[in-house]
Amino acid sequence: MALALGTGAVILVALLWELMRPTLMRAVARGREIWLLCRRSSTPRSYDPGRERRAEQRARALLRSCIDEYDWAMYRDLGFLRVWGGLGERGRGDDATYAYLIYPHKPVVAYLPQTGALLNEYCVAFPDHSRPYGSSRLPDSDDVLAKWMALTADERRLIAEANMHLPGRQVDPDRVRHDLVRLSSWERKHLVCNRRHAERVDSVHAA
Amino acid sequence: MKLLRMKPGHGEIVLAEGDIAVPEQERELIEAFRRELDAGMWAAVPTGAPGGRREAELVKSFAEVPRDAERVIFFPRAAGGAPRTTL
């Protein structure tokens, strides 16, 4: 009796296996395809320095077309941009109570122009989650332009989105102080050059 | 008017271009504008501020774009960078 039941069970299992095998094989094949697709899409595409350089050139041209000639010269010569703070008592302008330094892919640094004292770092990024070339990082000059647009358009909103830290969290305070010295020296030179240029133009007109 | 979008690994791309005085072209611009906002992008219009200084204006709808604007630039929305430290 037990032998007959055992044999029957084995035959039943074999029949069930034969019936289910095509469905199981299809499911396994489909799972494998999905896994391969996921793996392929998560693998970053190879880094192409030429493409990145062209992207940066386009970004620089766009930045240049949006900001003042003075600010563009500052970014071109120094590698960062200064934006006056607009939420102080004196508003935005040359006599603003505070200002920001915008570096590409680094936190925005707030400081006091009168004393050079560093106030805060605002960590903010503009990640493009569509990752068109395997990276969510904008070209350097696009990152600077995005920060500049957001700061000049809606400073409060950008600061609210950012993570605020004391100076020194990501940007070396000594480097920022050195950059402030470079900026002030650059501004002096720029002023002298502009004055000379204006005098030359005046003398040409007078002649 | 041109609608531009910043793109990693590429720089800006032109999404749409047209004359807003032409209804058909304006409709295309509005559709492209909405698509980008729906994708979570921020839109900014570079403008000139009083005193000759340049600034930008963030816009949340096509109606907010100045009629004489030459460009609207879309860029990914801001996100906090390094996380806050817990003390």
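Okay, one definition before we look at anything: two strands count as paired if DSSP finds at least two bridges between them. Keep that in your head, and keep in mind too that this is a predicted model.

One is β5(B), residues 71-76, which runs antiparallel to β3(B) over four bridges. If you want to find that on your screen, look for Met41(B), which sits opposite Pro76(B) of β5(B). Then there's β4(B), residues 54-59, also antiparallel to β3(B), this time over six bridges. Your landmark there is Ala43(B), across from Val59(B) of β4(B).

Now, over to where the chains meet. Chain A puts 37 residues into the contact and chain B puts in 25. Which elements of chain A give two or more residues to the side touching chain B? Those are α2(A), at 49-66, β4(A), at 118-125, and α4(A), at 140-161. The largest share comes from α4(A), with nine residues.

Strand pairing crosses between the chains: β4(A) pairs with β6(B), residues 79-80, antiparallel and over two bridges. To spot it, go to Val124(A) and look across to Gly80(B) in β6(B).

Definitions and conventions
Residues numbered from 1 in each chain as written. Chains lettered and ligands numbered in written order. Predicted model: local features only at pLDDT ≥ 70, side-chain atom pairs only at ≥ 80, totals over all residues. Contact = placed C-beta atoms within 7 Å.
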